[in-house]
Amino acid sequence: MIGRASFEAHDLACLRGGRIVFRQLEFRVDAGGLLVLRGANGAGKSSLLRMMAGLIGPAHGALLWNGDDIADDPDAHRARTSYAGHSDALKPALTVAEHLSFHAKLRGQAADKIAAALDAFALTKFADLPARLLSQGQRKRVALARLIAAPAPLWLLDEPTNGLDADSTARLETAIAAHRETGGIVVAATHLDFAGADAVTLTLGERKAA
Amino acid sequence: MNAAFALIARDVRLAWRHPNEIATILAFFVIAASLFPFGIGPEPQILARVAIGIVWVTALLACLMSLDRLFQAEVEDGSLDLLVTAPAPLELLALAKVVAQWITTALPLIVISPIVATMLHLPADGYATLLLTLVLGTPGLSLFGGIGAALSVNARRGGALLALIVLPLTVPILIFAVAAVDAAIAGLSPRPHLFLLAGLSVFALTIAPFAMAASLRQAAE
């Protein structure tokens with residue numbers, strides 16, 4: 001569906017509160033690729049993901065999609081990016097299905113993949129349950145089901161397996177594999193080993209900050 | 001555009017499922033306005049003179065109560081990241097949030113305002129104009145309030161800061177709203193004041209989406 005997309009960083013630097021989090025960062029992922037971010041706490045995994053999502057701007061360097069700087073066309077970049085951050089972004093009073101259909105509409109897509117999204121993370125039983133009754137792991141699954149409800153070529157996942165049990169982690173791996181098969185790119189900050197030995201690993205914090 | 005309607009629908013649905021929030025605001029409106037007769041005496045003539053001012057000021061303060069949570073709630077649960085990274089323009093989404101706030105807060109306040117006005121002996125000639133001023137003026141109130149809510153989103157004690165930012169901006173709205181009703185009661189045409197009031201709301205509409213989006217992007221960093 002995406003063809004020959006590529007996502008790369010050139011000489012990327014991140015400055016947070018006057019402190020250099022990382023610099024001279026380089027990576028390249030092609031269509032169907034998986035980039036796993038590793039590094040100690042505070043090494044800048046979340047900052048890098050937020051930078052990839054366009055939430056923060058790079059202090060230096062650039063992120064390129066198919067060779068074009070994402071800052072040149074932020075609208076197009078937002079349309080192709082699905083970001084699943086630390087927080088689940090759930091409203092206690094809304095049901096699981098309402099969250100997913102709202103997310104699809106928010107991203108300008110038809111709400112016709114809700115059933116598939118619920119199924120992918122074993123949430124069908126809880127579709128009509130308000131979010132306030134969900135457990136931590138279930139909440140995380142709703143957040144991840146958004147990726148299926150509103151498809152986008154680039155997935156940015158910040159600690160996606162946090163709070164997930166073994167079965168749910170396997171479901172996430174299946175979803176990631178299916179996404180990569182269609183040419184999607186996944187960037188994930190995680191401590192777990194994802195299935196797929198072809199993943200590119202980028203370890204942050206190895207370079208000494210000056 | 002659909003994204004904006006979806007956001008309005010979601011916020012209205014959320015408000016519908018938390019009816020106690022709007023009930024609290026409406027109760028505040030009625031109770032705060034009913035304190036004035038105790039403070040300044042129950043003489044109908046005095047009350048009639050100040051009724052319109054009291055209705056407007058208390059409605060304004062009641063509006064402020066709901067603005068406090070407008071963007072704060074989105075920041076706290078992480079929804080702001082999803083709004084900022086959505087393909088739709090953030091200006092439009094911020095405006096949608098304000099529209100939903102207006103529907104769920106200002107509209108109920110407008111509906112019960114005649115009751116409060118009756119309690120304060122507002123002269124009969126003033127009611128139609130009072131409702132008109134509220135309909136024309138509260139959108140401006142919500143929009144200026146949205147700017148304040150977006151600016152104070154990451155501040156501690158954001159509510160107090162919000163009041164400091166928003167209340168000065170609402171002074172012109174208050175002046176023309178009260179002047180319009182006073183004119184109507186005096187038998188004059190309230191039209192010039194109403195036009196100015198509508199103009200203020202249009203002015204707010206032209207700047208608020210951009211100001212809100214800019215400060216929300218800052219907040220999401």
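This report describes the interface between chain B and chain A and the pockets and cavities of the structure.

The structure is a predicted model, in which local features need pLDDT of at least 70 and side-chain atom pairs count only at pLDDT 80 or more, while totals for chains, interfaces and linings use all residues. Residues are numbered from 1 along each chain as its sequence is written, chains are lettered from A and ligands numbered from 1 in the order in which they are written, and side-chain values use heavy atoms, with hydrogens and water left out.

**Interface**

Chain B places 26 residues in contact with 24 residues of chain A, contact meaning heavy atoms within 4.5 Å. The size of an interface is often given as the accessible area lost when the parts come together. Here the two chains bury about 2,300 Å² between them, and 61% of this is on carbon and sulfur atoms. Buried area is the accessible area (1.4 Å probe) that two parts lose on being put together, summed over both. On the side of chain B, the most area is lost to chain A by L82(B), T85(B) and P87(B), which together account for 28% of what that side buries.

Five salt bridges are found across the interface of chain B and chain A; a salt bridge is a side-chain nitrogen of Lys or Arg within 4 Å of a carboxyl oxygen of Asp or Glu. D81(B) and R50(A) form a salt bridge through their side chains, at 2.9 Å from N to O.

On the side of chain B that touches chain A, the elements giving two or more residues are α1 (2-17), α4 (72-77) and α5 (79-84) of chain B. Helices (H or I, at least four residues) and strands (E, at least two) are DSSP runs, numbered from the N terminus. α1(B) gives the most to this side, with eight residues. By class, the side of chain B that touches chain A has 14 nonpolar, five polar and seven charged residues. Ala, Val, Leu, Ile, Met, Phe, Trp, Tyr, Cys and Pro count as nonpolar, Asp, Glu, Lys and Arg as charged, and the others, Gly among them, as polar.

**Pockets and cavities**

On a 1 Å grid over the protein atoms alone, a cavity is a set of points where a 1.4 Å probe fits but cannot get out, and a pocket is an open set with protein on both sides within 12 Å along at least five of seven lines; lining residues have an atom within 4 Å of a point. Grid points are joined across faces, edges and corners, and a volume is the space filled by probe spheres set on the points. The whole structure holds two cavities of 30 Å³ or more.

| Space | Volume |
|---|---|
| Largest pocket | about 850 Å³ |
| Second largest pocket | about 340 Å³ |
| Largest cavity | about 120 Å³ |
| Second largest cavity | about 80 Å³ |

The largest pocket has 29 lining residues, and D11(B), L14(B), A15(B), H18(B) and E21(B) lie nearest its centre. α6(B) supplies the largest share of this lining, seven residues. The lining of the largest pocket comprises 14 nonpolar, six polar and nine charged residues.

The second largest pocket is lined by 21 residues, with A53(A), G54(A), L55(A), I56(A) and P74(A) nearest its centre. β4 (60-65) and α2 (74-80) of chain A and α9 (191-220) of chain B each supply at least two residues of that lining.

Around the largest cavity there are 15 lining residues, of which Y83(A), A84(A), G85(A), S87(A) and L82(B) lie nearest its centre. The lining of the second largest cavity also includes L82(B), along with residues such as R146(A) and R10(B). α3(A) gives the largest share of the lining of the second largest cavity, four residues.
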